[in-house]
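Visitor: I am new to this structure and would like to learn how to read its features. Please take me through a few of them.

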Amino acid sequence: MLTKLSTLYKTTSILLKANIVAGRPTNFIRMASSLIKDKAFVNGEWISAKSGATYNVTNPATGEVVGSVPDMGVADTEDAIQKAYKAYQTFKKTTAKERSEKLKKAYKLMMENKEELARIITLENGKPLAEANGEIMYGAGFCEWFAEEGRRVQGHVVASPFPTKKIFTLKQPIGVCAMITPWNFPNAMITRKACAAIAAGCTVVLKPAEDTPLSALAICEIFEQAGIPKGVFNVVTCDRGNAPSVGKLLCESPLVSLISFTGSSAVGKILMKQSADTVKKCSMELGGNAPFIVFDSADLDLAVKGAMSSKFRCTGQTCVCANRFLIQEGIYEKFVARLAEAMDKELKVGNGLTQGTTQGPLINKRAADKVATFVEDAKSKGANVVRGGQRSDVGESFYEPTLLSNVTSGMLVSKEEIFGPVAGVAKFKSEEEAIALANGTSAGLAGYLYTGDCAQQWRVAEALEYGIVGVNEGLFSTPEAPFGGFKESGLGREGGIGFGIEEYLEVKYMCLGGM
Ligand code: ADP
């Protein structure tokens, strides 16, 4: 089966490679690859919306239509929930080893089809192919990781205080899991949730982001080929207009036991409120406002390297992207100059399918408009534009990589998540001031600090109210480590030893009497 899939794509790959080498973007893949679907996937079948409605998926770099998928609604979602509930009745009885084998196969298939899956990401999300390839490896890594984690789920035999009673704990799958995922990692944000759920013995109804449904549907094909039984992984696609009603049903359905969401804090709060009536377990990965602190003693090369990867990956559209650069006064001027130099040297704006591009478009024009508003706000409040500061002429969804100095905490770029290629730099004097500035937000996902002082590394890392802290490091995401936030950045953790899979398990206390 692995070979068969590879052969199918061979012709397409050759065409694409030729075009990319010549520096020309191409959309040929959309016609030729069987990983690009135009139907939703429920109970092992490729289906249309009951209404027959569809919507177009566009390439944010060019505005071209790259696919069309069903625009489903409440009735379609109810049906998917019923199917997932039915499938759960048998899937929960499968062994962890059986589920693990299927997830391992999914990992292999994903790696074998890495290039095709990466191209689908670039087509619908816009990120450069190299980054998209990296995302597939990261995303496939969750198939592998949870294949292993699932086999190590354990209960306990507890020392009983009663001579006639024995005490046990069992871990059991929680049930049908609803998932709503974002567009910035159209593959990995799905596998990070779904593979944990499947490894635990749960079934899934997933609504992917409207901008990037094709990657979700490609995962359905991979899972099907891997032998994951029908009804276990279901994907309901819909446009933005139907997202609130579909989301509401997923939260309110008594057949759904958990809602897992990655996206904005605003939507996360809506979902949590809607889940209250059924006392649903909520697993939330919400927005960040990451501080990136550089102390005078820092290794400047390391700090600039970390700043570049943390700020400009995915054109600044990740929830762990550095959002506020807080630089100590002694190193401030040098840091700004070196960051500007690195931006000139390393950043190339363009179509993600064109070789050499490092900065793709933002996800849509609305996102570029928001970034423009933030930069104008900063300029009007006294920020200096060191680089960029305007829309790019490459296309309507593009914004120039921008460096702003003299940024203050009253500006939108400091208060809100930028989600774009804009680095705003502010100056601080003391460690206490840096910690206060860094923690002065309701978000608490990721934070970064750079210092050569070992005691300061530990002290400040502990003081930061963030779920993830990069110390002299700008890239940290990996299946082995727990991902999640403090404060309004979320609830629960994804990945990591024990953490990610626990979200999808219930603990049962069993008391055996009459001994
Ligand atoms: P963004 O604005 O960057 O798209 P969102 O948090 O709005 O971030 O979107 C993340 C996901 O949440 C997407 O799948 C989107 O369709 C979904 N979504 C948006 N609004 C709602 C809602 N009211 N109910 C359920 N899902 C929603």
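Visitor: In which helix do Glu 101 and Lys 97 both lie, and how many residues apart are they?

Guide: Some background comes before the reply. This is a predicted model, in which local features need pLDDT of at least 70 and side-chain atom pairs count only at pLDDT 80 or more, while totals for chains, interfaces and linings use all residues. Residues are numbered from 1 along each chain as its sequence is written, and side-chain values use heavy atoms, with hydrogens and water left out.

Guide: Helices (H or I, at least four residues) and strands (E, at least two) are DSSP runs, numbered from the N terminus. Glu 101 and Lys 97 both belong to helix 4 (residues 96-112) and are four residues apart, about one turn of the helix. An α-helix has 3.6 residues a turn, so residues three or four places apart point the same way.

Visitor: What do the side chains of Glu 101 and Lys 97 meet in?

Guide: They meet in a salt bridge, at 2.8 Å from N to O. The term stands for a side-chain nitrogen of Lys or Arg within 4 Å of a carboxyl oxygen of Asp or Glu. By this rule the count comes to 23 salt bridges.

Visitor: Is Glu 101 buried, exposed or partly exposed?

Guide: Buried means under 20% relative accessible area, exposed over 50%, and partly exposed in between (1.4 Å probe, protein chains only). Glu 101 is partly exposed because its relative accessible area is 44%. Lys 97, at 41%, is partly exposed too.

Visitor: Which parts of the chain does the pair Lys 193 and Glu 494 link?

Guide: The side chains of Lys 193 and Glu 494 form a salt bridge of 2.9 Å, N to O. This pair links distant parts of the chain, 301 residues apart: Lys 193 is in helix 7 (residues 188-200), and Glu 494 is in the loop between strand 19 (490-491) and helix 17 (499-502). Lys 193 is buried, with a relative accessible area of 0%, and Glu 494 is buried at 3%. Elsewhere, salt bridges that share partners join Lys 50, Asp 79 and Lys 83 into one network.

Visitor: How is Val 422 placed, buried or exposed?

Guide: Val 422 counts as buried because its relative accessibility is 1%. It is found in strand 16 (residues 422-428). Contact means heavy atoms within 4.5 Å. Leaving aside neighbours within four places in sequence, Val 422 has contacts that include Lys 311, Val 371 and Tyr 399. Asn 323 is 99 residues from Val 422 in sequence, with 8.2 Å between their C-alpha atoms.

Visitor: Which residues of helix 9 are buried?

Guide: In helix 9 (residues 243-252), the buried residues are Ala 243, Val 246, Gly 247, Leu 249, Leu 250 and Cys 251. They pack against several elements, including helix 3 (74-91), strand 7 (176-180) and helix 10 (265-274).

Visitor: What is the phi of Asn 43?

Guide: Asn 43 has a positive phi of about 55°, although it is not a glycine. Asn 43 sits in the loop between strand 1 (40-42) and strand 2 (45-47) and is buried at 16% relative accessibility. Val 279, also not a glycine, has a positive phi of about 45°. Val 279 lies in the loop between helix 10 and strand 11 (281-285) and is exposed, with a relative accessible area of 72%.
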